[in-house]
Structure formats: structure tokens, C-alpha cells
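Please keep the structure open while reading this note.

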Amino acid sequence: MYRHSLLFLALTAVPAAAQPQPAEPTKLTLDRIFASDDFAGDPVPAVKWLDGGAYTTLRPSKAHKNASDLVRFDPAGKSEVLVAAEKLVPPNAKEPIAIHGYELSKDLDLVLIYTDSVKVWRQNTRGDYWTFRRSTGALTKLGGDAKPSTLMFAKLSPDGTRVGYVHDNNLFVEPTAGGAAVKLTADGSEQVINGTFDWVYEEEFFCRDGWRWSPDGKSIAYWQLDTRGVKTFTLIDNTSASYPVLKTFAYPKTGERNSACRVGVIPAAGGPTTWAEVPGDTRTDFYIPRMEWAGNSNELVIQRVNRLQNAVDVVLVDAATGKARTVLTERDGAWVDVHDDAGEWVENGSAFTWVSERDGWRHLYLASRDGKSVRRVTTGAFDVIRVVYINKKSGHVYYLASPENPTQHYLYRVALDGTGAPERLTPADQSGWHEYDVSPDGAHAVHSYSSFGQPPRVELVTLPDHKVVRTLATNDKLRAAVAKLAQTPVEFFRADAGNGVALDGWMMKPPNFDPAKKYPLVFHVYGEPAGQSVVDRWGGKQYLWHLMLAQQGYAVACVDNRGTPCPRGRDWRRAAYRKVGTLASADQAAAARDLLKQRPYLDAARVGVWGWSGGGSMTLNLLFRHPDLYRTGMSVAPVPDMRLYDTIYQERYMGLPQDNAEDYKQGSPITHAAGLKGNLLLVHGTGDDNCHYQGVEKLADRLVELNKPFALMAYPNRSHSINEGKNTSRHLYALLTRYLNDNLPTGPKP
């Protein structure tokens, strides 16, 4: 989900005779941030765990540019090249294939290599696949005469003798020893999708890889989506050819029909599909966002979510017959989140993990396979942010939480039987944001940690003692470059939103801050249920741009309103139900007024706001609803009318527009456009498949009708991220900077 005249908004040309000046190490510029390597971080090796704490990763080849060696490391750091890049040169080629992903057989002899990948909506999920056998040196391309870069989600069978993949929306299985592929499904088309997903499932449920080998390798379970009957949306590309190029795809807007979705099991050797007998109509009544094998090769476990997304049924399906039985039901008065933390089988397969907010906090539970019991593992007035690892041998669950500070992440563990107090494993002297990738045996983890304004450090640690084995990425050069910058330490604060509600926030003040002076205040906002913004972690280029604004004399602040997914309990998060846009903008405005009241150095006559996606929508709501507070706003890729957004996201938080039309209307910025008094810049990519340019055109049409001045910058054929093409990010942030400078100037109070 959704993150002057144009002549004067264009970039100023640099005279041809101008010579680049050496960068001032204390000062940030747009070129330093977006067009240089001044703040490039260390490459972080992508680790794939093996047994016993060993792992593999890719290392740049010394012999071939743009190629990599596949290397194995033991826990002590001793390395061994498993596959040298020069072994991966195809026939009639001069250079090795580039490894974009890989999978190893259990005996490490066979390597499945993903290469020549291309983007499908958000990620590079389509490409070519090759197998390389280390014992023979044989390099073989999969897919026969398939067109280049058209295979998806290839995976080795459990015994390594076959590879399954998706091609042209059909499933195939191909022997790794050579031979013809078996085509398992034959009904795949542009509208019937086997083994992967349509746009809305991918975007909102994060579903991409849509098939699974059974543990014994004899069967394959897969999703099938049928988009016939779903209304389509068309993107217009005016820049690639003399005539417009049209890209049309199924996109169900709020209240409209969804794809038909079902799950089936098919023999890996070929044969008919046995479809799961899950009741209801997925086009109008429910979704199937999660499916896995249920710890064996006989049953599937499916999560069935109703259209309103306030009820989830966990269903076990007999793989041979398709018969289904519900073993757990989760209900909420607002919505139920779909978790990936659910479905880990424990206690010899007699129970599975489940995450629930039924007691007001997000906690881990164990549910019995027979559906008779659900018992809580974690307890207390805090949220389990994410389950990281379950150590079945020691009987512990490792999870991320931050009971004292919702802007941070730390690693804890507790006994799976629920006894004893939680134990914090992250060292007490490392405040900030921590992430962990734990090895299969639970003895090691790749640990990454950072804090606000401090780049991440990545290291290999042992668990549970958290001792550092070695450092994988220090970012010392980046850290030193950031340390040289003129800056004032960030301040984390809580703002009073009224009625006892305190909102978390951060503020960056100008270097050489003087409380006796007046500073313009710029808010960065998001505020939707899809993301938390006030976090104590490294913020990359956006952090550097905010620091650049602070160096120019702005105070830059960010606040998380109620409804954002902060670890502050169920009631905090569900407060936004049917109030998206309404409650959030009220909270944001209340926080802004509290800051202005408590801090006389903030100039109430110079308050600005900017945001992207849902933050772009928030920017519009704040400008339109509170015009006497916010004087300048920059809205990037917004959704001005939430009725134009997709079913899964918008209905989750707002209900159906057929039942809730007034709340949709009141939450949408376009409804309140008449309130605009200040300066508004709209920015959007015309190729945005997510938050469509259509919405901004409708808003522009309304503002013209109201005779409201505004500026609009359309980035041709750019997507929601507006980063495609040479110089796009540099151009965009120059536009934002200049608009802010022109309309919310720093310096003495006007």
C-alpha cells in the first residue's frame, strides 16, 4: 500500500564551464546524497544457512567482473569455494552467468541458479534457471526452448532429483539428470494463474511464490487464481513509442469482485488435481492468503479469511480427498492480521503456533491439531513483534519485542511451555533496532543493528549468549562520513494528542540550534495501518535528506498517530478501524499544536508537511482539514479518494464501501479539498500500478473546479517508487527541496 509554475520547478542547468567543487564534509547536498558514493554502505553478504552453523554466500569473483563465486563458511570463518564463477560459463558464452539467487541440494552437489531476473510489479520474480552439478561440472539450462527470463519460483525437490517451476502460469517438473519436463497444469493463461498470484494478492498479502513441494516430494500443492470477471485497469505509456503503449491488468477496487482463488494438490509425476473443499466464494466472500503442508505429506494447513478480514479460519485439508475441517477460528471487531508466524508444527506435530491479539496484546499461542485447545505461550502487557525462531530441541521461542519503548526492537526468548520469565538476549548496551536471521540449529544468527542516524553493523553471533563470532559488515566508512556532518542529536519525544493519548515522535533540529530563535517546522508523515515511521533505526538516504533540511534551518519532525502498527497493543492499532484518514489526521494536528505550544522556538506561521503514498494522502488531509496550521504540503503518490484503492487493503481497515459509504467519503482527502489555503505540490508517477495517477487527476479536476492554485509534477511512466530511469530520485528530491525553500523559507521570521 500506499508510500509557482512548472517552469520554475525545473532543475537549474549547470553552465558547461562549471567545475565540480570538492564536497564539504560537514555539509549535505542533493548531489552528495543522490549522485555520489559519499554515503555508500558496505556490501552485506546474503547468508543461506547450512547444517551445523555453516552457511553459504556469494563473493565477487576476482577473475570475472559482475560474476560471483559461491562460497561456504564454517562457524569459525574458514571458507571454501563451492562453485567458482568460471565454472558457470554457458556454451558459446564468454562470461559466467550472474547469480541472482540459488538453492543447494542437501548433499551440496547440485546447485539451482537463478539469473537474468526481471521485475514483476515489486520484485524480480521472473528469470532463467540453470543447474550446476559440482561432481561433473555439468551446467544445464532449464525450461527447454522457453523464452528468456520467463521461468518463476523454481525449487529443487526434497531429494534433489527434480526441479519444479512456473512458466506461462503453468506448473512444470523437470528431472535434474536430464530429460523432458512434465507439464502438470494445462489451463494457465493470462487470466488463469497457476503457482503464482494476481496483482492484489501479491501487493496486499505479499503472495508471490504460489506452490509447495510435499515433504516426501510426491505431490505439489498450489494456488490457482482466475481473474476472469475482475475489472481491469490500464496504464498508459506515452514515452516508449510513437503511439501510446497500454498495459492492462486485473485490479479490483473497493467493493468490486475479486479473483476466484482455490488450492489444490497434484501428483508431481502428473495427474488430476484434488481441490481443497473450502466453502464459500472467493470472488465475493473470502480469501486464501496462506497455505503450507501441515508438517507431513498428507495434509495442508490453510488460512481462510473472510471478505471483511475480521475472521480467520485455520483449516486442515486432506491432500488425498480435499476434505477440510476447521481447527481454529480467530475473530476481531475490527480486523485480523494475516501472520507468517503461524503454522510452525511443534510437540511432534500435535500442535502449531498461532499469533493472536485476543487478550489485547499480540502474543504467541499453541493450538492443538485436533482443534480442542489453544494455550498462550507469551504473556504480559507487551506485543510480540515477530517470532524469529522456535528451538524445538531446547523448548524455546525466540521473538522480537520492546516492552519499554515501541520505537525499538530487541530479541527475547521464553520457554515454549509458557513457564518462566522472558529473557532479553540483545545486549543491554545496544539500544536501537535489531534484526536476526537464526541458523536451523538455533546456535548462530546473523545480527544486524542500527539506531537513528547510526548505520547498521552486521555480525555473526552465537545464541543464546549473543557472543560475536565475527563481523560481516562494519559500515565504518559510512559511519565516519555521517559523524562528520553538522548535526544536532535527534530527540525522541511524546506529544499530547488529548484525552490521555501520547504519540511517539522524533525531531531533528538545525546544527548550532538556538532556542531563542524561530525555526520553520516540517513534518514527515505516513500514518496508515501499514507502516510505523517513528523508529530508532538507520534511515538511509531519506534520513540524510531530512538532515540536509535541518542544515538549511528547518526543524524536521515525525509522529506516529493511533492506527499505525506500533507495538502498543491491540486497541492502539485498531483505533483506526473505519476512521482511516479521519482519526489519523486529527492525531497529527493535535501533536503539531502540542509541539508548537510547548516549544516557542518552532514558528507556528511556518509549518509544512510531506509524505509518500499513504503519507501523501495524509499530507492532503492535513492541508485540507487544518489549513490554518499547515501552510505548505508536498504530497507524493497519494490516494485522494480511497474508493479508488484495492479491495484487500482498503476494505481491511474501512469495511465495504457499500456498507460504509460515509466513512469512505469523510476519510478521503478529495472530500475536503475546498479547505485548501496553503501551498500544495502534487507529485505522481503516471505508471503507478499501485496508487493510480487517476486519483491525482480526479483531485486536480476538483481543485480546478474550486479555483484552488496548486502545482503538479507528473513523472512519465514511473511506478509508485518513482525511481526508474536515470537521475529520477535526484530530480524528485531537488523538486521537493526547492518547493520547500520557495514556500516555507528558513531564516528570520517573515
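1. Strand 41 (residues 632–636) runs parallel to strand 42 (residues 679–685), and 5 bridges join them. Strands pair if DSSP finds at least two bridges between them. Strands are DSSP runs of E with at least two residues, helices runs of H or I with at least four, numbered from the N terminus. Serine 635 stands opposite leucine 682 in strand 42.

2. On provenance: this is a predicted model, where local features need pLDDT of at least 70, side-chain atom pairs count only at pLDDT 80 or more, and totals for chains, interfaces and linings use all residues. Residues are numbered from 1 along each chain as its sequence is written, and side-chain values use heavy atoms, leaving out hydrogens and water.

3. The sheet is open and mixed, with 8 strands in the order 36-37-39-38-40-41-42-43. Neighbouring strands are turned by 20° against each other on average, direction ignored.

4. Helix 7 (residues 583–598) runs at about 115° to strand 36. Helix 12 (residues 728–743) runs at about 170° to strand 42. Axes are lines fitted to C-alpha atoms, for helices over the stretch in contact (heavy atoms within 4.5 Å); angles run from 0 to 180 degrees between N-to-C directions.

5. In helix 4 (residues 476–483), Leu478, Ala481 and Val482 are buried (under 20% relative accessible area, 1.4 Å probe, protein chains only). They cover an arc of only 100° around the axis, so they sit on the same side of helix 4. The arc is taken from the directions from the helix axis to the C-beta atoms. The buried residues pack against strand 34 (454–462) and helix 5 (540–552). Lys477 and Ala483, on the face turned away, are exposed (over 50%).
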